[in-house]
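Please look over the sequence and the model shown below.

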Amino acid sequence: MKILIKNGLIVDGSLNKPYKGDLLIEQDKIKKIGTIEEKVDIVIDAEGKVVSPGFIDTHSHSDLSILVNPYNEIKIKQGVTTEILGQDGISMAPLPKEYINPWRKINSAFNGDSDDISWEYETTKNYLDLMERKGVGLNQGYLVPHGNIRLEAIGLENKKASSKDIEKMCQITRREMEGGAFGLSTGLIYPPCVYGDIEELIEICKVVAEFDGIFIVHQRSEADTIIESMEEIITIGKEAEVKIHFSHFKVCGKNNWKYIDQAFELLERAKKEGVKVSFDQYPYVAGSTSLGVILPPWVHEGGTEKLLERLEDESNRERIIKDIQTGIPGWDNFIDFAGLDQIYVNSVNMDKNKNLIGKNLIELGKIRGKDPYNATFDLIYEEENSVGMVDFYGLDEHIIKILKRSEQNVCTDGMISDNPHPRLYSSFPKVLGKYVREEKVLSLEEAIYKMTKKPAETFKIKNRGEIKEGNFADIVVFDLEKIKDKGTFVEPKQCPEGIDYVIINGSIVLEKEKYNKILAGKVLRGV
């Protein structure tokens, strides 16, 4: 199959100035760039349109859904052709058989749950092989999650890892890196990752560094103690000689916005000290995660069953409220930095609770006829800790400051649910429509670089992220005058406008807003 894209404005991903030209695709590769007159199977007239590499989402939560719905059209319709799974230290593999049931409950808050798949794959290699056998709609890479490693080595206990435990975690990490992971992820506000200390992480990251992999981290604090938190991660980078990448970089809560410039200074210091550092960002002033993060770390010890038992005890509830109101050193207290009125329920599983979607925690209390704390605890209990939330944390001026940093690349961090965060549908079009066309915060070539070649280089994704002869043909054709996000926090499930074509590995998967149901993707392996 030969495809000729003619007369487009080529933005190749390399920060080169846009130029007009033709692009010849043969099979799954870019064959030729220039002025092309050749007999082909399909001609796409891109006059007046931008032709760019496919977008790379470095923070995705399609880990389970890609096995249930391998097409993943939501991402494709915003121009994403490659995504990185295994985020926040909690994902699908490795997963020892004896821990399948408790882990499914923990994992469901991040990636959902399903009885339609077999959970007995055990390792990253087997998980990736399963994905490959089913086929994938877009390219998929994977990070080995710290929580899964700790689960296999120690279980769900809140305990300091012994030297023998750490040795076992290192062995597991080596096996999983050899099995195809691009690096290691952790979520240091989420159990069981939160139980790991700096010594444990340094030793595991030394193994990752052996493979020239990357350490992706949802750090311990994005709020009150963000500076100390960043210093911990930078120390890990130095001691382990590993590349570090901060997930969804931001500073949460108006009392902490004063730390933004200091955080940037730390990034500069790290680079001067030889640490390779980068981060991703979604372009919204609200985040989204499990509502269970409002509970102090001690409530999560032992997994979901223990959490639910603790919520049954009135004295535990009183202790939780006290901890939220007074704080715990080193704990990111979401209610403190966002406020009860700025945290909204955005996903539940039970039909009887659907009326709570879109309500903040104060409104939740009024509906339930209780104080907002206990009403929230009741909801978490009823839903077995599988409730999603949206929390408002910052200002648009902060988005812009972070967006302009050289370390930044774009991501979605989109969790799939009945009422998801709009970033799941529109992160990349929002940057192009709002911050390139309307506000001119970035030039077109800068934005495309941050969506394509920059993440490809950061994660060592070979032969993608740049329009270059011999590279894989992952291509997006869009109208810069029309591209825009449409999703809102009230109605998030709206695909963007202005994307005409998406080509993955030489196959046209999106054509003038019509999605062609093709499993054109490839499972990418880091080793």
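In which order do the three strands of an open sheet stand? The order is β6-β7-β8, with parallel pairing. The model is predicted, so local features need pLDDT of at least 70 and side-chain atom pairs count only at pLDDT 80 or more, while totals for chains, interfaces and linings use all residues. Residues are numbered from 1 along each chain as its sequence is written, and side-chain values use heavy atoms, with hydrogens and water left out.

**Three-strand sheet**

- Strands (E, at least two residues) and helices (H or I, at least four) are DSSP runs, numbered from the N terminus.
- Two strands pair if DSSP finds at least two bridges between them.
- β6 (55-57) and β8 (139-142) are the edge strands, and each pairs on one side only.
- From one strand to the next, the twist averages 20°.
- β6 and strand β7 (residues 80-85) run parallel and are joined by three bridges; Phe-55 has Val-80 in β7 as its bridge partner.
- Helix α4 (residues 124-134) packs on the sheet, touching β7 and β8, and its direction makes about 170° with that of β8.
- Such angles run from 0 to 180 degrees between N-to-C directions, and the axes are lines fitted to C-alpha atoms, for helices over the stretch in contact (heavy atoms within 4.5 Å).

**Gly-135**

- Gly-135 sits in the loop between α4 and β8.
- Gly-135 counts as buried because its relative accessibility is 15%; buried means under 20% relative accessible area, exposed over 50%, and partly exposed in between (1.4 Å probe, protein chains only).
- Leaving aside residues up to four places away in sequence, Gly-135 touches Pro-70 and Leu-519.

**Six-strand sheet**

- Six strands form an open sheet with parallel pairing, in the order β9-β10-β11-β12-β13-β17.
- β9 (144-145) and β17 (408-410) stand at the edges with a single partner strand each, so one side of each has no neighbour in the sheet.
- Five bridges link β10 (residues 183-187) and β11 (residues 214-218) in the parallel sense, and Ser-185 stands opposite Ile-216 in β11.
- Helix α8 (residues 226-240) lies across β11 and β12 (243-246), at about 155° to β12.
- Helix α16 (residues 396-403) lies across β13 (277-281) and β17, at about 140° to β13.

**Pocket and cavities**

- On a 1 Å grid over the protein atoms alone, a cavity is a set of points where a 1.4 Å probe fits but cannot get out; a pocket is an open set with protein on both sides within 12 Å along at least five of seven lines; lining residues have an atom within 4 Å of a point.
- Grid points are joined across faces, edges and corners, and a volume is the space filled by probe spheres set on the points.
- The largest pocket holds about 740 Å³.
- Among the 36 residues that line the largest pocket, Ser-108, Gly-112, Asp-113, Asn-349 and Ile-416 are the closest to its centre.
- α3 gives the largest share of that lining, seven residues.
- There are two cavities of 30 Å³ or more.
- The largest cavity has a volume of about 100 Å³, and of its 16 lining residues the closest to its centre are His-218, Lys-250, Tyr-282, Ser-288 and Thr-289.
- The second largest cavity has about 60 Å³ of space, and α16 gives the most to its lining, with three residues.
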